[in-house]
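Thanks for making the time this morning.

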Amino acid sequence: MQTFVHAFILCTALASLAAAAEPIRVSSFSTILTEIAEQVGGSRVQVTAHIKPGTDPHEFQPKPSDLKTVSESQIVLLSAKHMEGYVGKLKEATGGKGSVVEVGDKFPSLKMKADDHGHDHGPAEKHDHGDELVEDPHWWHSIANVKRATKVVRDELTRVSPADKSTFAAQADAYLAKLDALQKWVNNKVAELPRNQRKLVTSHDAFQYFARENGFTIYAVEGVSTSDQPSSKKVAELIALIKKQGVKAIFAESFQNPKVLSEITKETGAKLGGELVADGLGSGDTNTFEGMTKHNVSTIVDSLK
Ligand SMILES: [Zn+2]
């Protein structure tokens with residue numbers, strides 16, 4: 001009898017161990033949030049990255065296989081601020097079971113005039129904005145926002161698995177400390193560039209958060225969806241402005257490279273300052289948030305000096 005009881009206790013203990021070891025299933029639709037969830041969750045999470053580094057999130061649409069994974073997830077992480085026009089499909093896929101966390105909507109937005117915001121957000125949002133203000137969805141170009149997102153993810157993981165609270169807190173603190181160090185690095189790098197040279201000409205308007213925090217003015221080429229060339233009036237204005245301001249370099253991006261950039265460099269004598277990673281993590285050195293940020297800031301500062 002005693003052996004039986006011992007075996008029973010052992011079995012129960014093993015079963016609860018197995019239950020405790022089962023990782024939290026997370027679906028991520030942002031390369032930045034994938035990194036955060038993996039850093040904060042560690043071995044306690046199993047993160048599916050629906051949007052891989054080097055993929056344009058503006059063009060992404062979930063496939064049936066994505067929706068199936070979402071239906072089996074406990075947490076679904078979204079960039080939000082209108083980045084995912086397909087959010088309704090994801091909410092439907094969870095059947096109300098998984099928690100859809102619209103991370104970017106948990107902190108304040110930068111707003112800009114719709115016609116200054118040079119890319120569309122997919123078929124769901126193709127309507128005339130007129131003078132209406134739209135949110136800049138590229139919140140991760142502010143390290144302060146990435147810190148906020150880290151806390152949102154930490155709290156959500158803790159809500160799903162309260163027993164892991166201290167583990168998630170410690171892992172979040174370690175990641176937040178890395179972000180603080182990165183912020184110091186950015187501050188030092190940007191300080192190399194005199195304030196009157198902080199003028200950023202990019203193909204699409206993705207760096208407003210970075211600009212505001214670091215004292216840059218943005219001049220984005222309008223209508224940057226590559227099929228959608230800006231008006232010649234707009235290009236002429238931009239050329240005049242670049243000459244007048246003595247801007248030394250303009251920047252291409254991983255996904256958005258309107259032909260007009262080379263026309264502008266020819267007309268102004270400004271050089272093409274290298275490729276910025278605007279829409280999420282890239283490949284190689286830009287495969288981590290730290291790597292992407294250092295690449296962008298170095299490219300900008302070194303080209304404009
Ligand atoms: Zn973008």
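Let me begin with strand S3, where Ile75 and Leu77 point one way and Val76 and Leu78 point the other way, and all of them are buried; buried here means under 20% relative accessible area, exposed means over 50%, and partly exposed is in between, with a 1.4 Å probe and protein chains only. Helices (H or I, at least four residues) and strands (E, at least two) are DSSP runs, numbered from the N terminus.

Before going further, a word on what we are looking at: this is a predicted model, in which local features need pLDDT of at least 70 and side-chain atom pairs count only at pLDDT 80 or more, while totals for chains, interfaces and linings use all residues. Residues are numbered from 1 along each chain as its sequence is written, and side-chain values use heavy atoms, with hydrogens and water left out.

Now to the neighbours of S3. Strands of a sheet pair through backbone hydrogen bonds, either parallel or antiparallel, and in this analysis two strands pair if DSSP finds at least two bridges between them. S1 and S3 run parallel and are joined by three bridges, with Ser27 standing opposite Val76 in S3. S3 is also joined to strand S4 (residues 99-102), by four bridges and again in parallel, and there the bridge partner of Val76 is Val100 in S4. The chain crosses from S3 through H4 to S4 in a β-α-β crossover that is right-handed, a term that applies if, with the strands pointing away from the viewer, the path from the first strand over the helix to the second runs clockwise.

Most residues other than glycine have a negative phi, and most peptide bonds are trans. Ala80, which is placed in this loop, has a positive phi of about 65° although it is not a glycine, and Ala80 is buried, with a relative accessible area of 3%. His82 lies in the loop between S3 and H4 as well and has a positive phi of about 70°, although it is not a glycine either; at 45% relative accessibility, however, His82 counts as partly exposed.

What does a search of the whole structure find in the way of aromatic pairs? There are six aromatic pairs, where rings of Phe, Tyr and Trp (its six-membered ring) pair if their centres lie within 6.5 Å, and planes under 30 degrees apart count as stacked, over 60 as edge-to-face and the rest as tilted. One of these is the tilted pair of Phe29 and Tyr86, at 5.8 Å centre to centre and 55° between the planes. Phe29 lies in the loop between strand S1 (24-28) and helix H2 (31-41), and Tyr86 in the loop between strand S3 (75-78) and helix H4 (87-94), so the pair ties together parts that are 57 residues apart in sequence. Phe29 counts as buried at 2% relative accessibility, and Tyr86 counts as buried at 4%. Another pair, Trp139 with Trp140, is edge-to-face, at 5.7 Å centre to centre and 80° between the planes; Trp139 is buried with a relative accessible area of 0%, and Trp140 counts as buried at 3%. Ring pairs also link Phe29, Phe60 and Tyr86 into a cluster.

Four bridges join strand S7 (residues 199-202) to S8, and Lys199 stands opposite Thr217 in S8.

To finish with the chain as a whole, its secondary structure comes to ten helices and ten strands, and 50% of its 305 residues count as buried. Taking contact to mean heavy atoms within 4.5 Å, 65% of the contacts between residues at least 6 apart in sequence join residues at least 24 apart.
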